[in-house]
Amino acid sequence: MNNIKKRMVFLGDLENNFGGWVIRRIHDCNMSMSSLTKMVGISRTSISRYKHGQDPHISKFFMICDVISTQSGKSLDDVILDASKTFPEYSMAKEREAKRK
């Protein structure tokens, strides 16, 4: 498997949590991790923690979404909705909502 395919397989595996989602989106926007961390005021370690399952503080969540929205040209609402799908609470809320209908 060539390096590009290996990288894409790796990036595809990251969607299961917020940190993985962030890494995928900055890759899609041709941004560097360094530029994101400077714009948001977080460390690379924070992204690593998110990748390993720690949820960000809500203010950092919105700041990251705002930067990705600006860089990708997507609406902030769409980016927030997409990012929120990485949280188990989102899935549970959607299931509860479906049961009520």
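Aromatic pairs come to 6 here, counting rings of Phe, Tyr and Trp (its six-membered ring) whose centres lie within 6.5 Å. Planes under 30 degrees apart count as stacked, over 60 as edge-to-face, and the rest as tilted. Take F18 and F61. Their pair is tilted, at 5.4 Å centre to centre with 45° between the planes. F18 sits in helix α2 and F61 in helix α5, 43 residues apart, so this pair links distant parts of the chain. Helices here are DSSP runs of H or I, at least four residues long, and strands are runs of E, at least two, numbered from the N terminus.

With F62 it makes an edge-to-face pair, 5.3 Å between centres and 75° between planes. Which rings end up in the cluster? Ring pairs join F18, W21, Y50, F61, F62 and F87.

Now accessibility. Buried means under 20% relative accessible area, exposed over 50%, and partly exposed in between, with a 1.4 Å probe and protein chains only. F18 is at 2%, so it counts as buried. F61 is at 6%, so it is buried too. F62 is at 39% and therefore partly exposed.

A word on ground rules. This is a predicted model, where local features need pLDDT of at least 70 and side-chain atom pairs count only at pLDDT 80 or more, while totals for chains, interfaces and linings use all residues. Residues are numbered from 1 along each chain as its sequence is written, and side-chain values use heavy atoms, with hydrogens and water left out.

The overall fold is quick to state. The chain has 7 helices and 0 strands. Buried residues are 35% of its 101 residues. Contact means heavy atoms within 4.5 Å. Of the contacts between residues at least 6 apart in sequence, 46% join residues at least 24 apart.

Next, the core. A nonpolar core is a set of buried Ala, Val, Leu, Ile, Met, Phe, Trp, Tyr and Cys residues joined through side-chain atoms within 4.5 Å. The largest one has 22 residues, and F18, W21, V22, L36, I47 and I64 touch the most other members. Which elements give it two or more residues? They are α2 (18–28), α3 (33–40), α4 (44–51), α5 (58–72) and α6 (76–84).

Look at I47. Beyond neighbours within four places in sequence, I47 contacts G19, V22, I23, M33, L36, T37 and I42. Pick M33 from that list. M33 lies in helix α3, and at 17% relative accessible area it is buried.

On to α5. This helix has 15 residues and spans 21 Å from first C-alpha to last, close to the expected 21 Å. That expectation is 1.5 Å times one less than the number of residues. Its buried residues are F61, I64, C65, V67, I68 and S69. What do the buried residues of α5 pack against? They pack against α2, α3, α4 and α6. Just after α5, G73 takes a positive phi of about 80°.

Back to F61 for one more neighbour. S84, in helix α6, is buried at 16%. Apart from residues within four places in sequence, S84 contacts F61 and Y90.

Now a helix pair. α2 and α6 pack at about 135°, with axes 10 Å apart. Axes are lines fitted to C-alpha atoms, for helices over the stretch in contact, and angles run from 0 to 180 degrees between N-to-C directions. Why call α2 oblique to α6? Under 35 degrees is roughly parallel, over 145 roughly antiparallel, 65 to 115 roughly perpendicular, and the rest oblique, so this pair is oblique. F18, W21 and R25 of α2 meet V79, D82 and A83 of α6.

Last stop, a loop. Most residues other than glycine have a negative phi. N30, in the loop between α2 and α3, has a positive phi near 55°. N30 is exposed, at 71% relative accessible area.
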